[in-house]
Amino acid sequence: LYSCCSKLICRGCDFANHISAQEKEEMPSNSCAFCREPLPATKEENDRNTMKRIEVNDPVALRQWGYRRYSEGDHRSAFEYWT
C-alpha cells in the first residue's frame, strides 16, 4: 500500500514501472506506479503522507491507520478512525 495515493500496486505493474523508469531515465525508479510520486525515504515521511490522505478522508488510509492503532493496542483511537 503506497502512502502517496493509498493504492495497492501489483508486482507486475511495479516491475513495469521500474523497467519504464530505467528506459526513460526521466523519473526515479523508486516512484509510485500509479501516481508517479517518489516513494518516501523514511518512516516519518511515510506517516506524513498517510496523514495527508487521512485529512482528505481517504477511506483506505483511514482503515489502514485504524488497523495500525488497533495493532498497537489503542482501541479507542482505532475506532475513531474506522467510524
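Reader: H3 and helix H4 (residues 75-82) pack at about 170°, with their axes 7 Å apart. What makes H3 roughly antiparallel to H4?

Author: The angle of about 170° is set against the classes (under 35 degrees roughly parallel, over 145 roughly antiparallel, 65 to 115 roughly perpendicular, the rest oblique). H3 is therefore roughly antiparallel to H4. The axes are lines fitted to C-alpha atoms, for helices over the stretch in contact, with angles from 0 to 180 degrees between N-to-C directions. Helices are DSSP runs (H or I, at least four residues), numbered from the N terminus.

Reader: Which residues make the contact of H3 with H4, and how do they divide by class?

Author: Leu62, Arg63, Trp65, Gly66, Tyr67, Arg69 and Tyr70 of H3 meet His75, Ser77, Ala78, Tyr81 and Trp82 of H4, contact being heavy atoms within 4.5 Å. This contact has seven nonpolar, three polar and two charged residues. Ala, Val, Leu, Ile, Met, Phe, Trp, Tyr, Cys and Pro count as nonpolar, Asp, Glu, Lys and Arg as charged, and the others, Gly among them, as polar.

Reader: On what kind of model do these values rest?

Author: The model is predicted; local features need pLDDT of at least 70 and side-chain atom pairs count only at pLDDT 80 or more, while totals for chains, interfaces and linings use all residues. Residues are numbered from 1 along each chain as its sequence is written, and side-chain values use heavy atoms, with hydrogens and water left out.

Reader: Which residues of H2 and H3 meet?

Author: Lys43, Asp47, Thr50, Met51, Arg53 and Ile54 in H2 meet Ala61, Leu62, Trp65 and Arg68 in H3. The residues of this contact comprise five nonpolar, one polar and four charged.

Reader: How do you know whether Trp65 is buried or exposed?

Author: Trp65, found in helix H3, has 7% relative accessibility and therefore counts as buried. The cut-offs are under 20% relative accessible area for buried, over 50% for exposed and in between for partly exposed (1.4 Å probe, protein chains only). Apart from neighbours within four places in sequence, Trp65 is in contact with Asp47, Thr50, Met51, Ile54 and Tyr81. The C-alpha atoms of Trp65 and Met51 are separated by 8.7 Å, the two residues being 14 apart along the chain.

Reader: Why is Asn57 called exposed, whereas Asn30 is called partly exposed?

Author: Asn57, in the loop between H2 and H3, has 56% relative accessibility and therefore counts as exposed. Asn30 lies in the loop between H1 and H2, and at 43% relative accessibility Asn30 counts as partly exposed. Leaving out residues up to four places away in sequence, Asn30 touches Pro38 and Leu39.

Reader: What is noted about phi in Ser6 and Arg36?

Author: Phi of Ser6 is near 60° and phi of Arg36 is near 65°, each a positive value in a residue other than glycine. Ser6 lies in the segment before helix H1 (11-24) and at 10% relative accessibility counts as buried. Arg36 is found in the loop between H1 and H2, and its relative accessible area of 42% makes Arg36 partly exposed.

Reader: Which residues form the largest nonpolar core?

Author: The largest nonpolar core has six residues: Tyr2, Cys4, Cys5, Ile9, Cys32 and Ala33. Such a core is a set of buried Ala, Val, Leu, Ile, Met, Phe, Trp, Tyr and Cys residues joined through side-chain atoms within 4.5 Å. Cys4 touches Cys32, Cys35, Glu37, Asn49 and Arg53, not counting residues up to four places away in sequence.

Conventions. Helix = DSSP H or I, 4+ residues; strand = E, 2+ residues; numbered from the N terminus.
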